[in-house]
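Here is a short tour for anyone who likes to know what an atom-level look can tell. Please have the viewer ready, and let us start with the terms.

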Amino acid sequence: MMDFEIGEILSVLSSVSVRPNVSGLRKALERLIVLMNAGQDLSEISLKHVAKVLATNDLVVKRLSCVLITRFIDEEPDVRLLIYNTLRRDCTDPNPLVRSLAFKTVFRCLSAAEEDVEKFLDEGLGDSSPLVRRTVVLACATMHERFPDLVLERGYVDRLYAMLRDEDPIVTCNCLVALERILGSEGGMVVNRSIASYLVARSAEMTEWGLIQILSLLSKYRTNPHSVISALRATRYEAMLRLTTIPPSDPRIRSNATRQLHVTIGSSDPKEGWLSTEA
């Protein structure tokens, strides 16, 4: 019965034409992923079939195909070029959802040469869509793990610092995450007065996770207690209180914010303790 089911899936994947049966492809790929997660032997299914399906125009089919490609690409390296060419085209697709998916898949599963990685990073970071920029900013950290010299020597750290001022708050937040990962061996990103003040000014735009990132980074900042940083502190406590009093989408956010608030209240600086209780 299982062999018959795999045979049916193979038949659907092999019948891709100029006008494919999108509904059938979705069901076949969804079932294939279920079988994959169940540990079923899928040796009868070649990644070449999935690579051909990747070229269809349906976004759901592309997403399902990318899940399988990411999982099996190392087992069938001979298909890399076919997949690479399709993803390369998708990186210039008019739909930003398609472009974002293509960039994400390229960085996750293709062992591209350094010049190709640099080309993808440059194109993605300069993309007009914030969705694509969000994806590629995080990919900078992933690529640093594989090509550390490329990321550090080709100016990507400076570029990520510059992109903190991106108009999209999630791009800004992702830059914080990427810089912390890339510069982890040096203690993380540098937070000076200009960056701290800017992050505080953007805090109202941030998601819950974005606020957590900002609060964590602001804990690094030290300055003269008589400076304008008192405004920064007040905003910091306001953000923490917001996270501890409004039910967040993830309970870990409340726990993290509450812990940071308690640490701050217990600070040796009396001004910090007063600000936190008055906020």
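Buried means under 20% relative accessible area, exposed over 50%, and partly exposed in between (1.4 Å probe, protein chains only). By that rule Asp166 is buried, because its relative accessible area is 12%.

Some notes on the source come next. This is a predicted model, in which local features need pLDDT of at least 70 and side-chain atom pairs count only at pLDDT 80 or more, while totals for chains, interfaces and linings use all residues. Residues are numbered from 1 along each chain as its sequence is written, and side-chain values use heavy atoms, with hydrogens and water left out.

Now the whole protein. It has 16 helices and 0 strands, taken as DSSP runs (helices H or I, at least four residues; strands E, at least two) and numbered from the N terminus. Of its 279 residues, 48% are buried. Contacts (heavy atoms within 4.5 Å) with a separation of 6 or more come 67% from residues 24 or more positions apart.

Back to Asp166, which sits in the loop between α10 (156-162) and α11 (169-182). Leaving aside residues up to four places away in sequence, Asp166 touches Arg133, Val171, Thr172, Tyr198 and Arg202. The C-alpha atoms of Asp166 and Pro130, 36 residues apart along the chain, are 8.7 Å from each other.

| Partner of the Asp166 side chain | Distance |
|---|---|
| Arg133 side chain (polar contact) | 2.8 Å |

Key. A polar contact is a pair of N or O atoms within 3.5 Å; within protein, one must be able to donate a hydrogen and the other to accept it, and residues adjacent in sequence count only if both atoms are side-chain atoms.
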